[in-house]
Amino acid sequence: LVQLAEHGIPPREITTAGEVFPMFSVGVEEWIERLAVAYLQDLSRSDAHFKLVLAPYGGGKTHFLMALAVRALREEFAVSFVQCVPDKRGGPVRVDNPLGLFAESIGALQIPGQDGQGVSPLLTAVVNAKRRAIEVAGATDPDAAFALYLKDLKRTYSTGVYGDFAQVACHALAGYWEDRELGAAASAAEKWLSGRMESLTRDDWQVLGLRRATSANEGALGRKLLLALSKFTLDAGCQGWVLLIDEVETLFTAKGKALQAVLGAMRVMVDWSGSPVGDIPLFCAFAATPDVLEGITKYPALQQRLAVAGATFDEGFDFAAQISLDRIGIGHEPLLRAIGERLVEVAALASDGKLTQSVQLENARRLAKVASQMSLDINARRLYVKTWASLLLL
C-alpha cells in the first residue's frame, strides 16, 4: 500500500508480484487469459511471437507486463522483465545493443520453481531436469549419460546459429553436475553466459578456448545468444521464454541513424517469427507509449510487421500485433472504481480494524468519478491509485 501511495506502480519483482497482484489487479485478467491460451499454451511453445503493448504514461503498461509475467510462470515459462533506459548507445537494455539486452535479460531470468534470478538458477534447473531424466531412464552410469547429453548439446546448438553458446554452456553444466565448488572453466563459463564479457580475465578466455568478440561482432553475438537462451529454457524443463521489455519509448528520443538502429534491431527480432533455424519458443512484448507509432513509420519494414490489419485485439482478435490498454472494455470510471474498491480491501487488512470499509468504498466511488472527469496531460489511472492509496494510509 505504501509503494502504491508513493509511486502508483506495481512491484517489479515477479515473485512478489505473484503474491500481491490478486489483491488489487483489475481489468486485465481477460486479456491475459487470451494471451495465455493463444500463445503460452500453444503458439509460443515452438515459435517466436511479438506484441507491442501501448498506453500513455500511467496507463498500466508495467502492470500489464507484470500480470503477464505472473501468468507465464504459472504456465511453466521462464520469464525476464527488463526496462529500457535513456542511456547512450551501447548501454544496457537497448534493443539496438543485443549483447547488452542478453546480459540484462538473463540477469533478470526467473525459472519456475527456482529461487533467485540469473544464470545460476537456469543451470541448476537444467542439471536437475537431466538428473531426473537419467534416473527415470534407469541409466547405470549417470555421469556417462550426462556426458552424452553435453555431446548432443554441442551438436544441437550449431555455431553458425547460436555461436559458442553450447561450448561454453557445457563447461558450466559440467561444473554444476559435479555439485561442488566450480572450477576455473565452469566459473569462466558462468561469467560468459551472464553476458558480462568485460569481466572475463585473460586466463578465463584461455580456459574457455575463446577470444573476446570485436565491437563489430558484438551485435551478432548478442542476437545468437538471445536465440540460444530461448531454446535452452526447454532443457531447464520450461515451455519456453517470455521476454517483457518495458519503457521502449525512451529509445525513441534518438534521431537519424541512431533511431534507425533501434528500429532495425526491433525488426530483426520480430523477424524471428517463423524462423527456419528451429525451435524459438518465445513470447516477447515491447511496451511503450503510443507516440512510438510515429517513430515506427520512419522504418516501413517494421511498421508493416507491427501494423494492425483488420480486427484489433480489443475486438477479440488475439493475433493483432498491437495491444492498446486504453481500450480495455471495462470503461474508464468503472475501472477506477473497481481498483479503488480492491484497494479498500488491502487497506482494511493493514489497518487492524481501524478502517470502516463501507465508508471508504463510497469514498472510492466518489474519487473515481472525480478522476474520470479530469482532463489530464497523462493518464489518470496512476494518479488515482497514488491519491487513493495515500488517503487510505492517512
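Helix α2 (residues 14-24) packs against helix α16 (residues 332-350) at an angle of about 120°, and their axes lie 7 Å apart. From α2, the contact uses Pro22, Met23 and Phe24. From α16, Arg342, Leu343, Val346 and Leu349 take part. Sorted by type, the residues of this contact are 6 nonpolar, no polar and 1 charged.

This is a predicted model. Every number here is computed from that model.

## The whole chain

The protein chain holds 18 helices and 5 strands. Its C-alpha trace spans about 70 × 50 × 40 Å along the principal axes. How does the radius of gyration of the protein chain compare with that of a compact globule? A compact globule of 394 residues would have a value near 21 Å. The protein chain has 23 Å, which agrees.

Buried residues make up 52% of the 394 residues. The accessible surface comes to about 18,000 Å², and carbon and sulfur atoms account for 50% of that surface.

In what order do the 5 strands of the open sheet lie? The order is β2-β3-β4-β1-β5, and the pairing is parallel. Strands β2 (78-83) and β5 (322-324) are the edges, and each pairs on one side only. Neighbouring strands are turned by 15° against each other on average, with direction ignored. Helix α5 (residues 98-107) packs on this sheet. The helix touches β2 and β3 (241-246), and its direction makes about 120° with that of β2.

Strands of a sheet pair through backbone hydrogen bonds, either parallel or antiparallel.

| Strand pair | Bridges | Direction |
|---|---|---|
| β1 and β4 | 7 bridges | parallel |
| β3 and β4 | 5 bridges | parallel |
| β1 and β5 | 3 bridges | parallel |

Some individual residues show how the strands line up. Leucine 54 stands opposite serine 324 in β5. Leucine 54 also stands opposite alanine 288, in β4. Tryptophan 241 has leucine 282 of β4 as its bridge partner.

Strand β4 covers residues 282-288. How many of the 7 residues of β4 are buried? The count is 7 of 7, so the strand is mostly covered by the definition of buried, under 20% relative accessible area. Leu282, Cys284, Phe286 and Ala288 point one way from β4. Phe283, Ala285 and Ala287 point the other way. Both groups are buried.

Aspartate 246 sits in strand β3. Is aspartate 246 buried or exposed? Its relative accessible area is 0%, so aspartate 246 is buried. Leave out residues up to four places away in sequence, and aspartate 246 touches Lys61, Thr62, Leu65, Phe81, Val82, Gln83, Cys84 and Ala287. Ala287 is one of the residues of β4 described above.

Glycine 240 lies in the loop between α12 (218-232) and β3. With a relative accessible area of 0%, glycine 240 is buried. Its contacts beyond four places in sequence are Glu76, Phe77, Ala78, Thr233, Leu234 and Pro281. Glycine 240 and alanine 48 are 192 residues apart in sequence. In space, their C-alpha atoms are 9.6 Å apart.

## Two positive phi angles

Glutamate 76, one of the contacts of glycine 240, is found in the loop between α4 (61-74) and β2. Its phi is near 70°, a positive value in a residue other than glycine. Glutamate 76 has 38% relative accessibility, so this residue counts as partly exposed.

Aspartate 352 is in the loop between α16 and α17 (357-373). Here phi is near 55°, again a positive value in a residue other than glycine. Is aspartate 352 buried or exposed? Aspartate 352 has a relative accessible area of 69%, so it is exposed.

Note on methods. Residues are numbered from 1 along each chain as its sequence is written. This is a predicted model: local features need pLDDT of at least 70, side-chain atom pairs count only at pLDDT 80 or more; totals for chains, interfaces and linings use all residues. Side-chain values use heavy atoms; hydrogens and water are left out. Two strands pair if DSSP finds at least two bridges between them. Helices (H or I, at least four residues) and strands (E, at least two) are DSSP runs, numbered from the N terminus. Axes are lines fitted to C-alpha atoms, for helices over the stretch in contact, and angles run from 0 to 180 degrees between N-to-C directions. Contact means heavy atoms within 4.5 Å. The radius of gyration is taken over C-alpha atoms; the globule rule is 2.2 Å times the number of residues to the power 0.38. Buried means under 20% relative accessible area, exposed over 50%, partly exposed in between (1.4 Å probe, protein chains only). Accessible areas come from the Shrake-Rupley method with a 1.4 Å probe; for residues, only the protein chains shown count as cover. Ala, Val, Leu, Ile, Met, Phe, Trp, Tyr, Cys and Pro count as nonpolar, Asp, Glu, Lys and Arg as charged, and the others, Gly among them, as polar.
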